[in-house]
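Here are my notes on the model below.

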Amino acid sequence: MPRAFVFDAYGTLFDVHAAIARHRDAAGPEADRFSEIWRLKQLEYAWMLSAAGHYVDFWTLTERALDHAFARVPSVDGALRATLLDAYFKLDAYPDARTALAALKRKGRKTAILSNGNPRMLDGAVAAAGIGAQLDAVLSVDAIRVYKPRAEVYRLVTGAFSVQPGEVAFVSSNRWDVMGATAFGFRCVWVNRANAPEEYPEFAPVAVVRDLASLSTLEL
């Protein structure tokens with residue numbers, strides 16, 4: 001078994017669409033489209049800034065992406081801005097997240113989060129989910145001011161745990177994140193909750209699962 005299990009945060013442990021889900025009635029019939037735009041622009045801003053050699057923290061990008069979503073979907077009332085941001089700061093964890101972390105800790109494994117989120121965002125989400133006691137580390141790209149899938153980000157894990165890349169199991173629902181972590185040398189598990197098509201065939205994960213429930217029983 002790997003010496004450390006490291007999890008992406010947003011989309012893997014925390015439901016990125018939970019903010020809209022809590023306020024679906026207020027958001028109206030285009031709530032799902034609005035949430036998709038919000039998420040995609042958040043990631044796009046991170047990737048493009050990194051490609052250009054610049055850094056803006058992830059909370060600021062989350063705010064900017066939300067404003068873009070309001071502009072693209074004017075049927076959603078802009079008065080919801082503060083409410084949605086508060087909900088995003090305290091996103092719901094997936095029900096299987098706590099179970100998976102607890103199972104790994106019972107087996108004596110090191111566990112961590114590696115995320116694009118800044119420390120304040122991650123502290124808020126971890127506290128709201130009540131999973132802090134099951135994590136040995138919460139690692140943020142803010143420490144090096146560059147976003148995934150740059151290799152420098154994944155190197156934060158090997159430095160924190162004094163391990164080689166092959167001793168790390170990296171778990172993410174984002175296929176592009178699995179690609180970056182696989183290229184770095186991690187043993188990756190893709191949590192394909194949405195039954196998305198395969199991508200990046202040159203950087204295949206060692207396992208694909210539909211949820212986190214069976215993670216502790218995988219042969220990695």
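This is a predicted model: local features need pLDDT of at least 70, side-chain atom pairs count only at pLDDT 80 or more; totals for chains, interfaces and linings use all residues.

1. An α-helix has 3.6 residues a turn, so residues three or four places apart point the same way.

2. The peptide bond from Lys148 to Pro149 is cis, with omega near 10°. Pro149 sits in the loop between strand 3 and helix 8.

3. Two further residues deserve a look at their backbone angles. Most residues other than glycine have a negative phi, and most peptide bonds are trans. Asn195 is not a glycine, yet its phi is positive, about 55°. Tyr200 is not a glycine either, and its phi is positive at about 50°. Asn195 belongs to the loop between strand 5 (187-191) and strand 6 (207-209). Tyr200 is also in the loop between strand 5 and strand 6. Their cover is as follows: Asn195 counts as exposed because its relative accessibility is 55%, over the 50% cut-off. Tyr200 has a relative accessible area of 33% and is partly exposed.

4. Now the whole chain. The secondary structure comes to 9 helices and 6 strands. The radius of gyration is 17 Å, close to the 17 Å that the globule rule gives for 220 residues, so the protein is as compact as a globular protein of that length. Along the principal axes, the C-alpha trace spans about 50 × 35 × 35 Å. Take contacts between residues at least 6 apart in sequence: 63% of them join residues at least 24 apart.

5. Surface and charge come next. The accessible surface is about 9600 Å², and carbon and sulfur atoms account for 52% of that. There are 25 positive and 25 negative charges, and their mean positions are 5 Å apart. Buried residues make up 53% of the 220.

6. Which residues have the most contacts inside the largest nonpolar core? They are Tyr10, Phe14, Phe34 and Trp38, in a core of 80 residues. Helix 4 gives the most to this core, with 7 residues. In soluble globular proteins, nonpolar side chains tend to be buried together. Beyond its sequence neighbors up to four places away, Phe14 touches Ala9, Leu91, Asp92, Ala93, Tyr94, Ile113, Ala125, Val126, Ala129 and Ile131.

7. Is Ala65 buried or exposed? Ala65 is buried, because its relative accessibility is 0%. With residues up to four places away set aside, Ala65 touches Trp38, Lys41, Gln42 and Tyr45. Ala65 and Ser216 are 151 residues apart in sequence and 35 Å apart in space, C-alpha to C-alpha.

8. Helix 5 (residues 81-89) has Leu84, Leu85, Ala87, Tyr88 and Phe89 as its buried residues. Their cover includes helix 1 (18-22), helix 3 (31-51), helix 4 (58-72) and helix 7 (119-129).

9. Arg33 lies in helix 3. A relative accessible area of 39% makes Arg33 partly exposed. Leaving out residues up to four places away, Arg33 touches Arg72 and Val73. Arg33 and Val73 are 40 residues apart in sequence, but their C-alpha atoms are 8.1 Å apart.

10. Last, Ser173. This residue is in the loop between strand 4 (168-172) and helix 9 (175-184). Why does Ser173 count as buried? Its relative accessibility is 18%, and the cut-off for buried is under 20%. Beyond residues up to four places away, Ser173 touches Tyr10, Gly11, Thr12, Trp190 and Val191. Among these, Tyr10 is one of the residues with the most contacts inside the largest nonpolar core.

How values were computed. Residues are numbered from 1 along each chain as its sequence is written. Side-chain values use heavy atoms; hydrogens and water are left out. Helices (H or I, at least four residues) and strands (E, at least two) are DSSP runs, numbered from the N terminus. Buried means under 20% relative accessible area, exposed over 50%, partly exposed in between (1.4 Å probe, protein chains only). Contact means heavy atoms within 4.5 Å. The radius of gyration is taken over C-alpha atoms; the globule rule is 2.2 Å times the number of residues to the power 0.38. Accessible areas come from the Shrake-Rupley method with a 1.4 Å probe; for residues, only the protein chains shown count as cover. Lys and Arg count as positive and Asp and Glu as negative; His and the chain ends are not counted. The place of a charge is taken as NZ of Lys, CZ of Arg, CG of Asp or CD of Glu. A nonpolar core is a set of buried Ala, Val, Leu, Ile, Met, Phe, Trp, Tyr and Cys residues joined through side-chain atoms within 4.5 Å.
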